[in-house]
Amino acid sequence: MSPIVLFFILSCEKDIAYNGEELTNFMVLNSILTADSLIECRITRSNTLLESGEIQSIDDAEVNLYKDGEFVETLKKNYFGDYFSEAGIRSEVGSNYAIKCSHNKYASIEASEAILTPVDAKILSMEEGLSSSNNYYYGGSGEVLKFRVQINDLKGNDFYRLRVYGPSVSYDYDYESEESSISMQQGNYTMYVNSKDPVLNGNKVVTENDFEDNPYNEYTVFDDILFDGESYVLQFEVDNPTIWFENEEEKKWYLDEIKVDVQHISEGLYKNFVTVTASNYYGDSPFSEPVQIYSNVEGGAGILGTVSSNILSE
């Protein structure tokens, strides 16, 4: 064996400390509290390294909700496996919520987070045109809707998520009459967002010659490092199916129904989305370090995140 090869093998060795907790089950809390929405969460049990199979829900935990340090109620289990506020409590902007969970078989867990104020934002323009890159939605025509959205950021660390909703569109073809038709349903169909904007690409300017291997920002989250305390114009595009519409009224209705949601999210939720994306992307690759999913749950794992939406239309 040559010295070069031997050096390579030795340099790849790494001591991994044994952690007994990897063979112990614990509770996992997952909840995203949205401003002015009903409070609910899911409690599951972790799998150890020696176990496999689906994640198991915990049906008999005691799950207590606190608001600004004061006990509110014990959450109840519903048919879908979630714990929810039977009193119909809705999360309020500016309040801090804590969820504390106990069970006779597992260590107690808890997490807390505040509901942030909605971000000040507005749509500056929405224009039809051709995609600025080759990364538009697979199967698309390259015809897109280009958006410019202004975000007025407050001083301090802030974290955001961008979502775009549009009507659901289906194309029907009658083989007897050989006629095609388009049907649309109002709703929150989440549209694929494509962008070269630095803030949506890890605060990095993307060029055509950029071959750096980075995961796609599948949750479209970003921070305010590049525009802290200032106004910023975010640029992005979504697929435009209206080029297939023959009816101008239908086209206008579709465009009027598109909504842009600029969400002000908690730092913990931002970190959770980023690490989940990286974990999904790198997987079990032998050429990358394992990615630890971010958790803000004490005594266990999971995430308690908060979201305040500002849904915009042109």
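Glu267 and Lys271 are joined in a salt bridge, with 3.1 Å between the closest N and O atoms; a salt bridge is taken here as a side-chain nitrogen of Lys or Arg within 4 Å of a carboxyl oxygen of Asp or Glu. Both residues belong to helix α3 (residues 267-282), where they are four residues apart, about one turn of the helix. Helices (H or I, at least four residues) and strands (E, at least two) are DSSP runs, numbered from the N terminus. Glu267 is partly exposed, with a relative accessible area of 37%, and Lys271 is likewise classed as partly exposed, at 33%. For these classes, buried denotes under 20% relative accessible area, exposed over 50%, and partly exposed in between (1.4 Å probe, protein chains only).

The structure is a predicted model, in which local features need pLDDT of at least 70 and side-chain atom pairs count only at pLDDT 80 or more, while totals for chains, interfaces and linings use all residues. Residues are numbered from 1 along each chain as its sequence is written, and side-chain values use heavy atoms, with hydrogens and water left out.

A search of the whole structure returned seven salt bridges. One of them connects Lys67 and Glu92, whose closest N and O atoms are 2.9 Å apart. This pair links distant parts of the chain: Lys67 lies in strand β4 (residues 62-67), whereas Glu92 lies in the loop between β7 (83-84) and β8 (96-102), 25 residues apart. Lys67 is partly exposed at 25% relative accessibility, and Glu92 is partly exposed at 41%. A further salt bridge is formed by the side chains of Lys252 and Asp256, at 2.8 Å from N to O. Lys252 and Asp256 are both located in helix α2, four residues apart, about one turn of the helix. Lys252 is exposed, its relative accessible area being 54%, whereas Asp256 is partly exposed at 44%.

In general, the strands of a sheet pair through backbone hydrogen bonds, either parallel or antiparallel.

Nonpolar cores were defined as sets of buried Ala, Val, Leu, Ile, Met, Phe, Trp, Tyr and Cys residues joined through side-chain atoms within 4.5 Å. The largest such core has 28 residues, of which Phe147, Phe236 and Val260 touch the most other members. Two or more residues are given to this core by each of β10, β11 (143-152), β12 (159-174), β16, α2 (248-257) and β17 (259-265). A second, separate core comprises 21 residues, among them Leu33, Ile39, Ala61 and Val63. In the largest core, Phe236 is one of the residues touching the most other members. With contact meaning heavy atoms within 4.5 Å, and residues up to four places away in sequence not counted, Phe236 touches residues including Leu145, Phe147, Val149, Leu162, Val164, Val193, Leu200 and Val260. Cys41 takes part in no disulfide, and the nearest cysteine sulfur, that of Cys101, lies 7.2 Å away. For Cys101, the closest cysteine sulfur is that of Cys41, too far for a bond. Cys41 is buried at 2% relative accessibility, and Cys101 is buried at 2%.

Backbone geometry was also examined. Most residues other than glycine have a negative phi, and most peptide bonds are trans. Asp36 has a positive phi, near 65°, in a residue other than glycine. Asp36 is found in the loop between β1 (27-34) and β2 (40-45) and is exposed, at 55% relative accessibility. Thr220 has a positive phi near 45° and lies in the loop between β14 and β15 (221-223). Thr220 is buried, with a relative accessible area of 10%.

Notes: Disulfide = S-S within 2.5 Å.
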